[in-house]
Amino acid sequence: MLYRYGLILLIIQSVLTYFAFPNAQVPQANIVSAVLIFFALTPTFLVVLIYSGRQLPWFAGLSVVAGSLPAAIHMADMSFFPVIGVLILALLAVLVGSLGALVGIGMRFFYDRFPWAFILLAPAFFISIEFLRSVLVLYVWFMPPPAILFAYPLAGLPPLIQMSSLTGVFGPEFLVFFGAATMAVATWMWIVKTSIIRNFLKISPDVQPLDKAGIKKQWMVGSGVGLLLLVLIAVGNIEAVKISKMQNTAEFSLRPALLQLQIDPSAKSNWDRQFRHLILQKYTEMFQEAKQKNADVLVFTENALPIVLPKDVEAWQEIIRLTRAAGLPALIGLVTTLEEDMSFDTWYWVDQEGEIKDYYNKRFLVPFGEYMPMRFVVDPVIDAINYLFHQSYHYFKITSLPMDNYDLTAGKTEKIFSPTKDSKVSLKVCTEITIAGYFRESVRQGARLFLSPAAVNWFQTPVDWNLGLETCCFRAVETRRWVARLASMGGTAAIDALGVIRETTPFGRRAVLVPKMPLLDYKTFYVRFGDVFSWLCVSVCLVFLFFAWRRRQPGKS
């Protein structure tokens, strides 16, 4: 009986999670999304409360996989789906399911020993895993970046994310887990106290509700955690009022021309004459439009120029000639090769005279997308797969796996650009928006504004684009800085320091957006002190693990 209702729970969870995140029906987060995410995660905690023994890892793993449905939809949206996409989905399902099983076992461990503290320990344990994963992603290539967190739908209800300036994104993430865990505990307590439902579900007589002392402790823990979260939300919103006034009365601002060319950067592998003429013509028109809108600086999207320096220096000079004619400084990104085996995703700050003033090499690279880890193992495998594809092409129409463009080198240092006298701009290219530590570092070095160019040419619908916007909303609140996001094959948006999307362009259309973006100097608690809240969650888990260990020692109660 429990198996049947467990599967029903997982189906409900899949549906709720799908509608909580950006999708074809609801492209951007809203109030409904923010509410749904609490209910979508409740089944995960119910599974931990209901199942034990060998059943628990299976249902916990399946529950986390069901909760990861947006990631599956996200991957299925890739341009090379379904061939490689199916393989990626299968691998992710195994990894996520295995991780979910371990998380479920960990939460059940805490519940069996401290049932009265479950509504604290379960969210804290979840946060600890997610936070440590976000730390390890900088050092372990096979660790997936925190591109999709369960807090992201809360961007549709800005008052709930203002606490991020104190806690980072994992504060709202904890809020989601705490709300879901509380609803799960309340539901489970009601079930085990109701004899009719117990008999219907055939729950073992050994399963009993908490006694009065346990319920009292549970109320104390729940009330304490709830009060702390309310205080954090209140303080964050009080700060938000202050920030709102600051950005409305800011002395200095920047008007970047966000150039959404809408040409697939992977469409052409060389700078041939016809393609060059098309790009130069379009950029000439866009530069003129930017100048008419009183832009201060031209900002290109990632991979907007399919050229490599120094090999294509002639093509580079043609672009510089156009920017010089426009009389505007520019931030331009393209591949730069220093040695045969060392290439960078480099961003150049070029002044009005066309001279390079400084540069930044992208620091966070995507494995298998921008570099190939363990090439000595992967290359023979790709050769074998390509051989099979070549032999079976007339049957399955499967194309070969490319082996080029996999050897970019990560940059090492942060750079702050000053395209105008009072501006201090930091670039966060593509997936770098998932690394909150990069944003904190930039603000500490004086950044007053963030520009985030991306390609997004792997995805053909706005799902990935809107997920990126939700991420940017949290980065904006964490740092209290405006963030501009622009993509070669997506859209363009300006997000204010309250995490509110102010201006956007239509997805998939050529556009020039010139938003007025205030330059702020405010430093948040999160910028100054970092992930205090997340480390507190880790510490809580370690403290309770210590008490659990003490109980197992001879003579300990």
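Arg363, Glu414, Lys428 and Glu441 are linked in a network of salt bridges, a salt bridge being a side-chain nitrogen of Lys or Arg within 4 Å of a carboxyl oxygen of Asp or Glu. The model is a predicted one, in which local features need pLDDT of at least 70 and side-chain atom pairs count only at pLDDT 80 or more, while totals for chains, interfaces and linings use all residues. Residues are numbered from 1 along each chain as its sequence is written, and side-chain values use heavy atoms, with hydrogens and water left out.

Helices (H or I, at least four residues) and strands (E, at least two) are DSSP runs, numbered from the N terminus. Both Glu414 and Lys428 are buried; buried means under 20% relative accessible area, exposed over 50%, and partly exposed in between (1.4 Å probe, protein chains only).

The structure holds 14 salt bridges. Another one joins Glu302 to Lys362, with the closest N and O atoms 3.6 Å apart. This pair links distant parts of the chain, 60 residues apart: Glu302 is in the loop between strand 3 (297–299) and strand 4 (308–309), and Lys362 is in the loop between strand 7 and helix 13. Glu302 is buried at 2% relative accessible area, and Lys362 is buried at 0%. Lys293 and Glu289 also pair up, at 2.9 Å between the closest N and O atoms, but here Lys293 is partly exposed at 33% and Glu289 is partly exposed at 30%.

As for cysteines, a search of the whole structure turns up 0 disulfides, a disulfide being a pair of cysteine sulfur atoms within 2.5 Å. The sulfur of Cys473 is too far for a bond, because the closest cysteine sulfur, in Cys472, is 7.3 Å away. Cys473 is buried, with a relative accessible area of 2%.
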